[in-house]
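Reader: I have the sequence and the coordinates to hand. May we go through a few local features together?

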Amino acid sequence: MENGNNVAASPEEVRRSPAFGWAARDTSGVLSPFTFSRRKNGENDVTIKILYCGICHSDLHSVKNEWQNSVYPIVPGHEIVGVVTEVGGKVDRFKVGDHAGVGCMVNSCRSCHECAGHLENHCPGMIFTYNSTDVDGTVTYGGYSDSVVVEEHFAVRFPAGMPLDRGAPLLCAGITVYSPMKRFGFDVPGKHIGVVGLGGLGHVAVKFGKAFGAKVTVISTSPSKRQEAVERLGADAFLVSKDPDEMKAAWGTMDGIINTVSGNHEVTPLLSLLKTFGQMVMVGAPEKPLEIYAFPLLLGGKSIVGSAIGGMKETQEMIDFAAEHNVTADIELISMDYVNEAMERVAKADVRYRFVIDIGNTLSAT
Amino acid sequence: MAVGGSCSSHEYRSPHHSDRKKAMAELGNGKKQASPEEVHPRKAFGWAARDKSGVLSPFAFSRRNTGADDVTIKILYCGICHSDLHTAKNEWSNAIYPMVPGHEIVGVVTEVGQNVQNFKVGEKVGVGCIVNSCLSCQNCNRDYENYCPRIILTYNSLDVDGTMTYGGYSNMVVVNQHFVIRFPENLPLDKGAPLLCAGITVYSPLKEHGLDVPGKHLGVVGLGGLGHVAVKFGKAFGMKVTVISTSAKKEKEAIERLGADAFLVSSNAEQMQAAMGTMDGIINTVSADHSIAPLAFLLKTHGKMIMVGAPEKPLQLPIFSLILGGKTLAGSCIGGIKATQEMIDFAAKNNITADIELIPISYLNEAMERLTKADVRYRFVIDIGNSLTEA
């Protein structure tokens, strides 16, 4: 994908079902109404009429070309929930009328070692829900739109009783923290988990942590978030990362840390919080390289690990777990035409804790 | 390796650094201290560094009597570890002089205390980096004495009786039996000595992280004291081993003599590109400052890079080098005593020894100079038994 200059085949020419949404046209990231089209529902496909779509910070990075890989126009959105309106002949997990979601991926090669191991997120041929080149050579468009057509394998069933609006952010934020928490055994009752950063990812990590039976400590730069974290989200403790005394008192107490912070920051003080063999999982993506001193890792056999979303099997498992344990995101529901203002507020982290676009009620073809 | 030391270039402090600072302050506060020869009842001698020049010279001191749980060892060989150099020159800002380095010690038992069942006079034994730990914390209880917050190192550490520990560049050592390693009959003493630090330093994390499985692909970064032993263990585990080095001229050595399967020059972009995503794990032995991201890209999905070297400057890690592929950067510091014994037994069984240059004690300072230039294949070992005499 070339940097903002690639001209893909016109979607109206290649695909055949009309669709509409909001797209960004250039690196200003400003979104506006956009008419395009989707492929016809194939035999393995599910068509979803979109009701809600969460706004992920990645959407903002992409529309502004901050990762140098944007192909305009971009229709972002990978926290998609809606109702199934059509299923292909070979589909057996969905029927019309079911509630279904789509996260960050819409396809993968389905044959490599990673795909075989349910790690589609690490498949070299994985296709993202938006801003990716699909198998037919066209660009994928995401959930700030009225519908999506997706291979059954990449659709997630929403159990009855799972709120659609508050469940939508789990499709990215949820799996992003759930996957490493499971992988590294942070889901064992009694473990002590630190969550760095209390935003879209962080607040969901606290909720999953508590649902797993862990002791959860939130680590944040903002003392003002303490009451919220402890009283509303259920965290057991709160550390202000700039307070050396508070931090020192917690040295060597955590089995693991989920670090959701995307801003540039020092990781060394966080490593001190880990027990021997403790792991800090990076799910945020700071722009500058992390500065890692060797001794804090060596003395205690500690690790820093990266993690990126999760596979489809695990995403379904996560949604089912969330439904069972009443884990949902805390959202601010907005209308489609508020989206640009919402994006500006996302840039300032001014949201508790995820915007969700009420697509079903507020997106209309112009 | 340094435990309890401060990283000289920034604010990190290990939990018991403040104890050490207090002890250092007391030692240097002008109060009359017993001379090293008077502190303990038995005379001993060795070579010590007196200041941060790191230059070593003959030094008379003393050792404790054999306690009920102790083993007294007449030292025959001691390996020179790069940590000895770092510590002697106060590069880790934690040196207490005079300092007798040396934590790759092999010798013969000359006396055992009344509680000692597992060692007999005349047996060949070794002592590595640890001479004591609390033996009661969670880490000690699960055989990770190397991560005990009250660990006592073989040299430059404050022992339980308030005296400094002195290491293996000396004629004898008295050690709590828990920290003594039995040397199997067939393991050569001189070539086995470096395993007590270099060996366990690579063996322990390879085992911990499942990088001991036949058929898996291990990368070894740096071909020095640690690296060459890692290659040997990797091959003994049945793995495919690729050496990654800055020096193209080490290739023949790596493949033909050490048995590595492949060799990558880290500055060769094509070679590195071709090897992307091929390694289950990498053990990084390099202590010099270097670029870590290109190495991370060599790992497969969920691959792990283990740091056992300690570069002075912080590693620069672009986050995508870990996030793409869900990779791990782990640190490791020596290993516990149980693992050390297991490693020695494994080495004996599989004929794994270090490649050494045996030197007399009189060559010690020159060896240290050569060590700063990595001019050794691959470990100096001091022939203590035949060359160390009382000054």
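Author: At 14% relative accessibility, B:N132 counts as buried (under 20% relative accessible area; exposed is over 50%, partly exposed in between, with a 1.4 Å probe and protein chains only). This is a predicted model, in which local features need pLDDT of at least 70, side-chain atom pairs count only at pLDDT 80 or more, and totals for chains, interfaces and linings use all residues. Residues are numbered from 1 along each chain as its sequence is written, chains are lettered from A and ligands numbered from 1 in the order in which they are written, and side-chain values use heavy atoms, with hydrogens and water left out.

Reader: Where is the place of B:N132, and which residues does B:N132 touch?

Author: B:N132 lies in strand β6 (residues 130–132) of chain B; strands are DSSP runs of E, at least two residues, and helices runs of H or I, at least four, numbered from the N terminus. Not counting residues up to four places away in sequence, B:N132 touches B:R150, B:I151, B:I152, B:D159, B:V160 and B:F179 (contact means heavy atoms within 4.5 Å).

Reader: Turning to chain A, at what angle do α5(A) and α11(A) pack?

Author: Helix α5 (residues 173–183) of chain A packs against helix α11 (residues 312–324) of chain A at about 100°, with the axes 10 Å apart. α5(A) and α11(A) are therefore roughly perpendicular to each other (65 to 115 degrees; under 35 is roughly parallel, over 145 roughly antiparallel, the rest oblique).

Reader: Which residues of α5(A) make that contact with α11(A)?

Author: On α5(A) they are A:G174, A:I175, A:Y178, A:S179 and A:K182.

Note on methods
Axes are lines fitted to C-alpha atoms, for helices over the stretch in contact, and angles run from 0 to 180 degrees between N-to-C directions.
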